[in-house]
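Please look over the sequence and the model shown here. Some questions and answers follow.

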Amino acid sequence: MNEKPKYTLRELTLYFLKLGTIGFGGPVALVGYMHKDLVENRKWISEDEYREGLALAQLAPGPLAAQLGIYLGFVHYRFLGASLIGFAFILPSFIMVILLGIVYKLYGGLSWIQAVFYGVGAAVIGIIALSSYKLTIKSIGKFNLESFKSKWILWMFFICAIMITYITEQEQVLLFVAAGLLYMIIKAPPKWWNSKTVNSSLFLLAGFWKYESTTLTKIALFFAKAGTFVFGSGLAIVPFLHSGVVVENQWLTEQQFLDSVAVAMITPGPVVITVGFIGYLINGFLGALVAALATFLPCYLFTILMAPYFKKIAQNKPVKAFVDGITAAVIGALVGSVIVIAKRSIIDIPTAFIAIVTILALLYIKKIQEPYIILVAAFVGIIIKMAIR
């Protein structure tokens, strides 16, 4: 990290501003772009630096692509680099979702907009359902007997999270923390571990998120909590947002929430930027700004605090076990949330057909990207609605 950089901070900032503007395809694609452009082509970042950043992004909470970008900014330019890169990467998609939010608020009640999101909503269900499956395989293991035997505890957390999320239709932060702690204790108990310490910690956590405040403060606290438990993929935030935004606080309707996820799919940059659109619908521009800042702040803080010591942290077995436990529960909650949303959004044969075709297209058509599927689904929605009339 101490070598003289081959690039200026301005050059790196402009690169991430561009990536945030035209970078479609979700976190895996964005991470791939960074490797190809910064490591292979421009050689600004070494292979080791990139791998360390990717490992940190997977280990710590925060949307994968944004976390990696912030780390790469930190590599040679420390806090200023991390801050500028994070801002540059998120800004373009934030502006886009605000503009889409304005259009949505103005024309959301018109029949053509409703027809567009009729098709788009079904396609989104297909996209997040397939993403949930891929995340499960990547983070826990394949659906086979060997994986079930060797990682039965993680699979138990996963199944429990699905069932609890489906039944309660709420995010269970304590469930995730408990899964992380329990897996750490079983697999790699830390030296400081004793029952008294953990019992008192759980007691404090039980009332930590209970608060009464104004809408803006509620937005800040809720989205900060959500941002703290996003591991690996931006879609992991869906169950948190759904239960808090739709069920608990009733800020948005089910359809508005699904439309918000769709907006994130058709804009470049991190998927998590949907929080800006949601915040705008709840409380205008200030709501969008607070929601976005609160969501990305944990990601930023974790990166700049852990980066200088990451090599040591990465070898810590209790930390790895804690993250594995939380990840299994979070992905289970994502699957449960997909089931809940699908139950209310797949309302007829056409929407079921669109969702299934979306999954098949992503599985069998190489290099197809979600924005194209969303656009096709929008046209299909309009045609179906016109035909029904």
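**Cysteines, a tyrosine and a threonine**

Q: How many disulfides does a search of the whole structure find?
A: A disulfide is a pair of cysteine sulfur atoms within 2.5 Å. Searching the whole structure for disulfides gives a count of zero.

This is a predicted model, where local features need pLDDT of at least 70, side-chain atom pairs count only at pLDDT 80 or more, and totals for chains, interfaces and linings use all residues. Residues are numbered from 1 along each chain as its sequence is written, and side-chain values use heavy atoms, with hydrogens and water left out.

Q: Is Cys299 buried or exposed?
A: Buried means under 20% relative accessible area, exposed over 50%, and partly exposed in between (1.4 Å probe, protein chains only). Cys160 has 34% relative accessibility, so Cys160 is partly exposed. Cys299 has 0%, and therefore counts as buried.

Q: Which helix holds Tyr133?
A: Helices (H or I, at least four residues) are DSSP runs, numbered from the N terminus. Tyr133 is partly exposed because its relative accessible area is 42%. The run of residues 111-139 that contains Tyr133 is helix 5.

Q: What distance separates the C-alpha atoms of Tyr133 and Ile331?
A: Along the chain, Tyr133 and Ile331 are 198 residues apart. Their C-alpha atoms are separated by 9.1 Å.

Q: Which residues does Thr295 touch, not counting residues up to four places away in sequence?
A: Thr295 sits in helix 13 (residues 274-306) and counts as buried because its relative accessibility is 1%. Contact means heavy atoms within 4.5 Å. With residues up to four places away in sequence not counted, Thr295 touches Phe223, Gly227, Ile237, Val272 and Val275.

Notes: Helix = DSSP H or I, 4+ residues; strand = E, 2+ residues; numbered from the N terminus.
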